[in-house]
Amino acid sequence: MNKRSTFLGLITAALTLAVALAAIPRSDAAQPQAYVMQMTDNWLIDGDLPEQAMLMSLQGLANRNGPTLYLEYGPKWPWQITKPLRGFYEDTHSYQFTTLETAEAALDALASAAKGYVVWDKEVRTSLIVAFTVSGLEDALVVSEDLIPLAEAAGLKMLVDLRGEFRGMVDHEIYQIAMDRYWERCSRDIVIWMGGHHGRRMEPGMADWGIYRKAFFTDLSHNPKHTEELALTNQIYREQNPQSYVMGWHSYKKDTEGQQVAMTSSYGLRMEGLNTLPNISFNSQIGFSEGFEFKNNHSVEPDEVVIPEEKVYIALVQTDGIGIGAWTKPGRGKLPYSWGMALSWVDFSPGVLEYFYAGAKPNDYFIGYSFPSYIYPKPVPDSAYPILQSETRRLMKALDLRVMDTMDYSEGNRHVGNTDLTKNVVDHIYNGYPDVIGFTNGYGSARTYDNRDGRAMISYDYYLGSRRPKDEAIADLEELMALNTKRPYFLLIHVRETSSVDTVAEILGGLEESADVVPLDLFLKMAGQAKTYKTRYKQDDDPVVRNPL
Amino acid sequence: MSARFIVFLNYLSLFIKLRMKTLKYLLVGFVFAGAFLTSSHAASDFDGHWKFDPEMSTALDPWSTMSITIDAQGDEVSIVRKFGGDKRNASEAMILDMTLPTQVVEVEGWWDNRHIGAYLGGDKQQTVEAKWLDEGRTLQLNINMILETAQGESQVRVLREMRLSRDGQTLRVLQIRSSRNLPIVRVFRKQ
C-alpha cells in the first residue's frame, strides 16, 4: 500500500469518526446535547408500559456515558416539572435536545449502551421488577416478548430470559430467587422500591436511576401480616450500608407509607420518594450553572427579634415534594408560601434545585427537614442521630435554609394515632441544629410545641385538604380562631400539594377575623417571642396506631 | 221530645256521671299507652345500622365514610359512630340512660373534624343530656366537652339532633357546635 493510499485512508477514517461523534450528544461539548423522548400517560402492562419500561432501561444505560437521554412525562404524571425543567436546561445550561420520536429511533441512537436484552414475562408483573435489577447488572435492555424483534433489529442479543420462570409463584418466592442470583452484585448504597400502583399498572419513573446505579429492585412488603416478604425486607435493610438510600415507594397493595418509612427509619436508612421520580440518571449529572449560589428569600435576620401584635398570624407550608404540587399551578407568588426542599437533591439532582431557586418569587421561601431524607425521628436509634444530623447541617447550609420541618407517621397519621414528638426527639432536634431559627411539625394537625431561647417549635394546626369545600375550610379556620382565643395566635397551615395558591388565597380572603399571612421565618421569630401556645410533647397515653393496611 | 227519649237522656246522663271517673282513668290510660306505644315504636325505628349519604350531607373529609349504629333497649340507647377513610378508622361509642337528666360518658376521642388541631380533653369525658322528642322521632343530645388546642382547653357545647323520617328510612343528624359558625348536616340511610 503506498503512502497516498494510507493518507487517504486515515483522512477517511477521521472524517467518519468525526461524523459519528457529531451524531452522539455529548454532555461535555461547548453546547451540550442530549436526546429527549415523550412518555404517554398509559402505564398499563397491556398498554404502553412495556415500551416505556424499555426506554427507561435504555435511559439508565445510556446515561452512564453522560447525560444523554431525558424523558418528558405526560400531563397526568405526578411530577409536573419535566417539561419546564428541560426548558431550564436549554436556557441556563445551553442544552440542545434532539427529539426521538419512536422507540426504533431511540434504539438506533443509543442501543450501543446495552450489551444485550433481558425478557420479562407479561403474565408475571414482578418479573419486570426483577428485569430492572438484571438490566443494571448485565447492561441489558428490558423488553417484553413483543419487543424482542425491535431489540434484535438494533443488534442486541438475549442475555437473560425470565419468561415462564416465575409462573405460579408468589412475590416472596420470586424475590428470594432474585436475591439468590443478584443480591451480592447489587449496590449497597441504593436499593429501589418499585412500589406505588399495583396490578396491571406500574409507574417505574425511578427505573433509570436504579439501573444506572446497579441497584436491587423490589416491592417487598413492610406489613407484619406478610411474614415471608417482611423477612426479606429486613434482610435487605440489614445488609445495606449505614445511612444508605432506599429510593422509590411502598406498594399501595401491600403496606402503607407509615409502615415503610417507620421501618427504614429504624435502620437509620434514607428514604427518598417516589417511585415516579424521573430522570435522576440525567439530572444527577447536571451541576450548577457557573456562578450560581443558593439564596433563600429570608424575611428576618437569624438574630433578629420581632415582637408580634395581638392578632392572628398565618403561615402556609407545602411539603409534599416540591415538583408534584402547587409550584407549577396558578397563583404562586401571590401569598407568602414555604416549600419543603429535598435536601439530598444537592447530591443527586443539583440542577433541579437550581431550577426551583432560580424560579422562586419573592413570596416563596424554602425550608429543610429534620433529616437529610424522609426519615421519621421517633424510630431512629439515638446512635444514628449524630451522623444524620451532621449531614443535614451540611445540606441546610448549602441551600441557605434556616427553618426545619419534621414529620413522623410511625405512630399514626392525620386521621388516627399521633404524629407528635417525644421530648427526647425534641431535645435531639434543638441540640442538633443550633443555627435553625425555628421548627415546624406534623403533616395533618399535630400537637407538639416548644420554645427554647426564642426558637419556637410549632405544629400544624390545620391541614387544608384538596377536597375541602371552601366554605367548610373557612369555617374550620374560624373555629380554630374561636378555640384559640389568646392573641397573638400562630396558626400554621399545611397545604395539600394539589391545592393551588389561588385556592388558598380565596379561602383566606373569606375569613371574618382578619389574619396576617406572613413568611414562615417571620412567623416563627414572632412565635419565639410570644408563647401563647403551651409546651407539649408526645405523651405516654397518646393513641398509637402503627398504620396497618 | 218523647218521654222515653227524655228518660233515655236521663239514664245516659247518670251513666256518664257515674262512669266519668272511670272513663277519665281509661281515657288517660289510653292516651298514656298510645304515647308509650308511639314512643317505643319510633325508638325501635332508630335501631339499626345507618350509612352516611355524602350527596346530601356536609363534607365529611378527611373521612370518606361514616356510619351510626343505634340500639335502643328499654331505657338505654347505645350509639356507635364510626368514621372511616383510606384504611384508617375511628369510632366513638356511648350508652345513654334515657331516664337520667344528665350523665357523663367516656368516649374514645373526638373525630368530627380531623383537619383542625383540636382534641378531646377532660379525660375523654363528655357530659350528655339526652332526650326523646317529637313523640320519639327525635333523639336530642346536648353535649358538653373539653377540646384541647395549642393554647389549652376550651369548653365546647354540641347540640346534636337525630331526626327520623316518617318512613323510618332516613336519619338526619343536625349538629351545631358552639365553636363553629356553620352547622353540620349529616344524612344517613338505613341499611
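User: Is Ser94(A) buried, partly exposed or exposed?

Analyst: Please keep in mind that this is a predicted model. Burial is read from the relative accessible area, where buried means under 20% and exposed means over 50%. Ser94(A) has a relative accessible area of 36%, so this residue is partly exposed. Its place is the loop that links helix 3 (82–92) and strand 3 (96–99) of chain A.

User: What is the phi of Ser94(A)?

Analyst: As a general idea, most residues other than glycine have a negative phi. Ser94(A) is not a glycine, yet its phi is positive, at about 60°.

User: Where is Asp139(A) found, and what is its phi?

Analyst: Asp139(A) belongs to the loop between helix 5 (126–138) and strand 5 (140–143) of chain A. Its phi is positive, near 55°, in a residue other than glycine. With a relative accessible area of 11%, Asp139(A) counts as buried, whereas Ser94(A) is partly exposed.

User: Which residues does a cis peptide bond join in chain A, and which in chain B?

Analyst: The general idea is that most peptide bonds are trans. In chain A, a cis bond links Arg487(A) to Pro488(A), with omega about 5°. Pro488(A) sits in the loop between helix 16 (470–483) and strand 19 (489–495) of chain A. In chain B, Asp61(B) and Pro62(B) are joined by a cis peptide bond with omega about 10°. Pro62(B) lies in the loop that connects strand 1 (48–52) and strand 2 (65–73) of chain B.

User: In which sense does strand 15 of chain A pair with strand 14 of chain A, and with strand 17 of chain A?

Analyst: Strand 14 (residues 403–406) of chain A pairs with strand 15 in the parallel sense over 4 bridges. Strand 17 (residues 455–459) of chain A also pairs with strand 15 in the parallel sense, over 3 bridges.

User: Which helix of chain A makes a β-α-β unit with strands 14 and 15?

Analyst: Helix 15 (residues 423–432) of chain A does so, and the unit is right-handed.

User: Is Glu72(A) buried or exposed, and which residues does Glu72(A) touch?

Analyst: Glu72(A) lies in strand 2 (residues 69–72) of chain A and is buried, with a relative accessible area of 3%. Leaving aside residues up to four places away in sequence, its contacts include Val36(A), Met39(A), Thr82(A), Lys83(A) and Arg86(A).

User: How many helices and strands does chain B have?

Analyst: Chain B contains 1 helix and 11 strands, and its order of elements begins with the helix at the N-terminal end. Among its 191 residues, 44% count as buried. Its accessible surface comes to about 10,400 Å², with 57% belonging to carbon and sulfur atoms. Of the contacts in chain B with a separation of 6 or more, 41% involve residues 24 or more positions apart.

Conventions
Residues are numbered from 1 along each chain as its sequence is written. Chains are lettered from A and ligands numbered from 1 in the order in which they are written. This is a predicted model: local features need pLDDT of at least 70, side-chain atom pairs count only at pLDDT 80 or more; totals for chains, interfaces and linings use all residues. Side-chain values use heavy atoms; hydrogens and water are left out. Two strands pair if DSSP finds at least two bridges between them. Helices (H or I, at least four residues) and strands (E, at least two) are DSSP runs, numbered from the N terminus. A crossover is right-handed if, with the strands pointing away from the viewer, the path from the first strand over the helix to the second runs clockwise. Buried means under 20% relative accessible area, exposed over 50%, partly exposed in between (1.4 Å probe, protein chains only). Contact means heavy atoms within 4.5 Å. Accessible areas come from the Shrake-Rupley method with a 1.4 Å probe; for residues, only the protein chains shown count as cover.
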